[in-house]
There are 2 protein chains.
Amino acid sequence: MYGPWTKLISRSRRQLGKKESIGVGLLGLGVVGGGVARALTGRAEALDTQVGCPLRLLKIAEKDLAKTRASQINPDLFTTDPAEVIADPEIDIVIEVLGGEHPAMELINDALGRGKYVVTSNKEVMAKHFPEFLSLAKDKGVDILYEASVGGGIPLIAPFKQNLLANEIRTIYAIINGTTNYILTMMASAGVDFSSALKQAQDLGYAEADPINDIEGIDAVYKLVILTTLAFRVEVHPDDIYREGISRLSSRDFRYAKELGYEIKLLAIAKEQDGAIEARVHPVFLPQDLLLAKVDGVNNAVQVEGDLVGRLLFYGQGAGPAPTSSAVIADVIDVAQRISHGVSITPMLRLDPTKKIKPISEIETRYYLRMSTVDRHGVLAKISRVMGDNLISISSVIQKESDISADVAEIVLMTYPAKEQAMQQAMREIEHLDVVREISNFVRVED
Amino acid sequence: MYGPWTKLISRSRRQLGKKESIGVGLLGLGVVGGGVARALTGRAEALDTQVGCPLRLLKIAEKDLAKTRASQINPDLFTTDPAEVIADPEIDIVIEVLGGEHPAMELINDALGRGKYVVTSNKEVMAKHFPEFLSLAKDKGVDILYEASVGGGIPLIAPFKQNLLANEIRTIYAIINGTTNYILTMMASAGVDFSSALKQAQDLGYAEADPINDIEGIDAVYKLVILTTLAFRVEVHPDDIYREGISRLSSRDFRYAKELGYEIKLLAIAKEQDGAIEARVHPVFLPQDLLLAKVDGVNNAVQVEGDLVGRLLFYGQGAGPAPTSSAVIADVIDVAQRISHGVSITPMLRLDPTKKIKPISEIETRYYLRMSTVDRHGVLAKISRVMGDNLISISSVIQKESDISADVAEIVLMTYPAKEQAMQQAMREIEHLDVVREISNFVRVED
């Protein structure tokens, strides 16, 4: 149907910067890929109007033949070889929704290297290779878009690229893992322990059989890498980010949190202060009256503070095929509009090589500390002395629920802002006090 | 410094689509204009990097000489004549932050007519002249940007233009007036009545001496017109939007709301269902557990539901010079990037002339109804009969706090979804019942 002459015309039009139609290739027909394919085919007319010329899904790479058969998509579009999609000269935009680092990284590099635009929903590959993709895209005069990689359909990348450009970003506080937020919501509202809440999340399909990526904060780290790179223009790798999961939280911590006026959330935090950047993922005590603290269930929310704009919050479903495909398609429209108008705009983001991530030992925050001690006069004095020696001030103390027969008391301390290093040192010393049986938990507090 | 040859070169570069620097003119040096001028001058270097070439504030029109003197801006930039700013051939982007319909409308038309890009924070002029500005901008190959006209620095326009393009928008529920949200928060939390809460808002500078635009919902209507036009591609005028303010809410309504599990908010609502569009501003009972219901104080929040993306919420400070200038500058950067890359993209928005706004009589919702009746057996039966005759089902009833000596009882009803027309008819009939002294209030309920 398309002979060599047609191709010649299409090429020369491309050089002139205008195209008659835009070819799209899709790598992966999983839940997200299926949603994307449905939207591209089912909403073709509306999308073409947005773009200004026809947007045509030309090829789909999927190895699992059961998925291609179940998809009800024209079988001629399928190939089992992703390289075939990338090599197709009619394809201008490659959508990568395979997930995982490999082979996504190689495929994205190949596509960018051939001067194709890339749209991805893959947080892991973006977190691990963001700077090299940026630089390759710049070299080749194309772009890589990744709105779907963080927070599903919630616009989280676009605000940093556009709406907040006049601001210096101060803080990002993000609930960006729905599985853990569901588990924490259950623990807080139903008083259940971690393992029952996890079981419930698994039964409902909110947590995977192997939940480690979610509950240990690995997924949140990937997303935080992307947000931190974008907001603070710093080169950051997942290994640079301090990470703690939620498995050591107990229902006792939730009871104390409530009593003290806090909710417990797994937060991804990034801050810039005096040129130094913090980036960390761990459970946090958040004041109950903060809107972010009221975000329940599998939902995601990102609170961003800019020097001009103050505190913003973006909230919505952070995952799922429909929200994620909404974000992928928005990126495809964005790229296609540029191609259709003959504009090639490469990534605007320029990283600042002088910026570095602070080690966790250098951060300063408040702490919640729960200890099991002997039930005797003078225990609190000994603990207070250790804290004082490490220049940590205590803001409040709860001591109760003693088990008299076992000679055990529980003490909960809240501190004023203190250095993490000092706090770690104080905890080591407290553990060695003869009156202390164990430090049951400690959680950082953010206001 | 710039002789005729320089101008010739600059002109021919413009024809080639590239510019060496971009000229900006500012109309108005009020609180927002002052913030914009400070950001444009104080952050010049960062902005130039974003844009790719120097962004120069060339002229500021301000009639009030006290403001120009107080501004500490180079006096050479000032003129008292806005027409001079628009006519300056070196000015590519005109920022209009005067507010009000006139002369903003004439100035924007003049600027667009001369092929200049316009950035505005003016909700009133956008609400009244949006379609004509769009069409003039298209004719002249330029664009008008208005992110700052709704919700201060919260990105509310960009999501509809970009991130949500793959979606069919179903509903918009918006708290877009900080003054009224502050007053309602005070009434709910401190139990004060409307006039004390208003007084407090005025003392704190959250409400103006003449608060009518805020408390009667006029300001919210302007913003809803802009959001509705954009989200549903419908031509809508402020007069098309049903409007009720907050002044007839009493502290009794807040007590009942709390008891029934609701918060009372002034909402701007737009919905599309089966091609028909609702757009209205009035107080609403909102379920307490909805995140939107938890938005307190002077903050704004907009909840948007799309068919793919589900429910999103955007939250932040809805007003103030710094947040508003953040949005203005983001729009200026957007336009300047296009100019600097030699791209002229006209507005993508195409209105659908077949779409219309439903009259309020045709909407269907639930209702809260509070009545003062005689304290006698059989009163509820009579009221229930009227409701039944009008095909309205009652979902719950509260009857209490009788003033026995005065023979007065108060009855509160909550209904199942009913037609507004039927409800209005039922209320007219109830008012004529001999056992009913008055209908004290009625409020629509949204879930």
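# Exercises on a predicted two-chain model

Three bridges connect strand β12 (residues 310-317) of chain A with β12(B), and the two strands run antiparallel. Helices (H or I, at least four residues) and strands (E, at least two) are DSSP runs, numbered from the N terminus, and two strands pair if DSSP finds at least two bridges between them. The model is predicted: local features need pLDDT of at least 70, side-chain atom pairs count only at pLDDT 80 or more, and totals for chains, interfaces and linings use all residues. Residues are numbered from 1 along each chain as its sequence is written, while chains are lettered from A and ligands numbered from 1 in the order in which they are written.

## Exercise 1. The interface

Describe the side of chain B that touches chain A.

*Solution.* 

Step 1. Two residues are in contact if their C-beta atoms, placed from the backbone, lie within 7 Å. By this criterion, 40 residues of chain B are in contact with 40 residues of chain A.

Step 2. The elements α8 (157-163), β12 (310-317) and α14 (321-340) of chain B each supply at least two residues of this side.

Step 3. For the classes, Ala, Val, Leu, Ile, Met, Phe, Trp, Tyr, Cys and Pro count as nonpolar, Asp, Glu, Lys and Arg as charged, and the others, Gly among them, as polar. The side of chain B that touches chain A then has 23 nonpolar, 12 polar and five charged residues.

Step 4. Within the β12 pairing, A:Y315 stands opposite B:L313 of β12(B).

## Exercise 2. The symmetry

Determine which rotation and shift superpose chain B on chain A.

*Solution.* 

Step 1. Copies are superposed by least squares on the C-alpha atoms of residues with pLDDT of at least 70 in both.

Step 2. In chain B, the C-alpha nearest the axis belongs to B:F314, at 2.4 Å from it.

Step 3. The same surface serves both copies, as 100% of the contact residues of chain B recur in chain A.

## Exercise 3. Domains of chain A

State how chain A is divided, and describe the contact between domain 1 of chain A and domain 2 of chain A.

*Solution.* 

Step 1. The bounds come from an automatic or database domain assignment. Chain A comprises domain 1 (4-153 + 321-340), domain 2 (164-317) and domain 3 (364-445).

Step 2. The centres of domain 1 of chain A and domain 2 of chain A, taken over C-alpha atoms, are separated by 30 Å.

Step 3. The contact takes 14 residues from domain 1 of chain A and 13 residues from domain 2 of chain A.

Step 4. Helix α7 (residues 123-140) of chain A gives the largest share of the domain 1 side, seven residues. By class, that side divides into seven nonpolar, four polar and three charged residues.

## Exercise 4. The parallel sheet

Give the strand order of the six-stranded open sheet in chain A, and name a helix that lies across its strands.

*Solution.* 

Step 1. The order is β3-β2-β1-β4-β5-β6 (chain A), with parallel pairing.

Step 2. The edge strands are β3 (78-79) and β6 (144-145) of chain A, each of which pairs on one side only.

Step 3. Strands β4 (residues 91-96) and β5 (residues 117-120) of chain A pair in the parallel sense over four bridges; A:I93 stands opposite A:Y117 in β5(A).

Step 4. Axes are lines fitted to C-alpha atoms, for helices over the stretch in contact, and angles run from 0 to 180 degrees between N-to-C directions. Helix α14 (residues 321-340) of chain A lies across β1 (22-27), β2 (55-61), β4, β5 and β6 of chain A, at about 165° to β4(A).

## Exercise 5. Backbone geometry

Locate the cis peptide bond between A:H102 and A:P103, and the positive phi of A:D274.

*Solution.* 

Step 1. Most residues other than glycine have a negative phi, and most peptide bonds are trans.

Step 2. A:H102 and A:P103 are joined by a cis peptide bond with omega of about 0°. A:P103 lies in the loop between β4 and α6 (104-113) of chain A.

Step 3. A:D274 is not a glycine, yet has a positive phi of about 50°. A:D274 is found in the loop between β9 (262-273) and β10 (276-287) of chain A.

Step 4. A residue is buried if 20 or more other C-beta atoms lie within 10 Å of its own, exposed if 12 or fewer, and partly exposed in between, with C-beta atoms placed from the backbone. A:D274 counts as exposed because it has 4 C-beta neighbours inside 10 Å.
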